Amino acid sequence: MKQELRLFFTALQFYTRLPAPAWVGYNPDDMNKATRYLPLIGWIVGFLSGVFLLLGTYLIDLSTGIILSMISSILLTGAFHEDGFADACDGFGGGWTKEKILEIMKDSRVGTYAVVGLILLLGIKFSLLKALIPFIQNQPALVLLTLISAHALSRFMAVTMIFTHSYVRFTNDSKSKPVAEVGSKSTLFIAGIFAIIPLLLLYFLLNQPVLLMVVTFLYLIKIMLARYFTKWIGGYTGDCLGATQQVCEIGFYIFTAILWKFI
């Protein structure tokens, strides 16, 4: 049990800005195993961002609530995944060879592709949530579960890429190198359990079996992204994982917004 707590807090301190107990420390060997708790980190981020959405909507209006929700998730994670998405935009947008793409993604400077990509990403996230939330606005539990599911499932899709594709930046200064070591199937299984639980709760509350198809939809998005990454650089990097999480989160909102509009 203590080892599992260590892995959870390892994930917490790596993927969020939330504090972890001092006894956890840092062990690179724990990083890959800690990915089993990445969807659980999604529970925390989704729940807190949902609370701010509900609070902002109640006190002011829906638009303010959504913006507060987005701000809270970014502050909680230190824009960890958004940074990966931005670097991927710069790398694949400005590079034409594997070496150049990897070089650009490693550069800490922000380019035009990153800026435009982030503006479009945050804009469509705001637009989708504004279209989605009114269908469930008077049901706080559904709002919370929707955001928790989006964050948990999108992070799980990033985890699956670790097990299905090759990591391409095995340099000593790579922060994602310990994460990218292929782990045991039990790690993937545990991550999947944490990813699916919020969706199953949504399913039971709404009694909409078609909602479960969102898993297939997100996995197809992950496959398309992985093929694109593999075509250009032969696999994925940590930035690619961040981009996968962000795009799959958007995909979840697209799927559910369309579902609740027409069903």
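**View 1. Helix α5 meets helix α12.** In this predicted model, α5 (residues 80-94) and α12 (residues 238-262) cross at roughly 110°, their axes coming within 7 Å. That makes α5 roughly perpendicular to α12 (65 to 115 degrees counts as such; axes are lines fitted to C-alpha atoms over the stretch in contact, with angles from 0 to 180 degrees between N-to-C directions; helices are DSSP runs of H or I, at least four residues, numbered from the N terminus). On the α5 side, the contact (heavy atoms within 4.5 Å) includes His 81, Phe 85 and Phe 92, and on the α12 side Cys 240, Ala 243 and Val 247 are among the partners. The contact residues split into six nonpolar, five polar and three charged (Asp, Glu, Lys and Arg count as charged; Ala, Val, Leu, Ile, Met, Phe, Trp, Tyr, Cys and Pro as nonpolar; the others, Gly among them, as polar).

**View 2. Cys 240 and Cys 89.** There are zero disulfides here (a disulfide being two cysteine sulfur atoms within 2.5 Å). The sulfur of Cys 240 has its closest cysteine sulfur in Cys 89, 11 Å off and too far for a bond. Cys 240 is also buried, at a relative accessible area of 0% (buried means under 20%, with a 1.4 Å probe and protein chains only).

**View 3. Helix α3 packs on helix α8.** Here α3 (residues 38-59) and α8 (residues 140-164) sit with axes 7 Å apart, at an angle of about 145°. Among the residues that meet are Trp 43 and Phe 47 from α3, and His 151 and Phe 156 from α8. This contact counts 16 nonpolar residues, five polar and one charged.

**Notes.** Residues are numbered from 1 along each chain as its sequence is written, and side-chain values use heavy atoms, leaving out hydrogens and water. Local features need pLDDT of at least 70 and side-chain atom pairs 80 or more, while totals for chains, interfaces and linings use all residues.

Technical notes. Helices (H or I, at least four residues) and strands (E, at least two) are DSSP runs, numbered from the N terminus. Angles under 35 degrees count as roughly parallel, over 145 as roughly antiparallel, 65 to 115 as roughly perpendicular and the rest as oblique. Buried means under 20% relative accessible area, exposed over 50%, partly exposed in between (1.4 Å probe, protein chains only).
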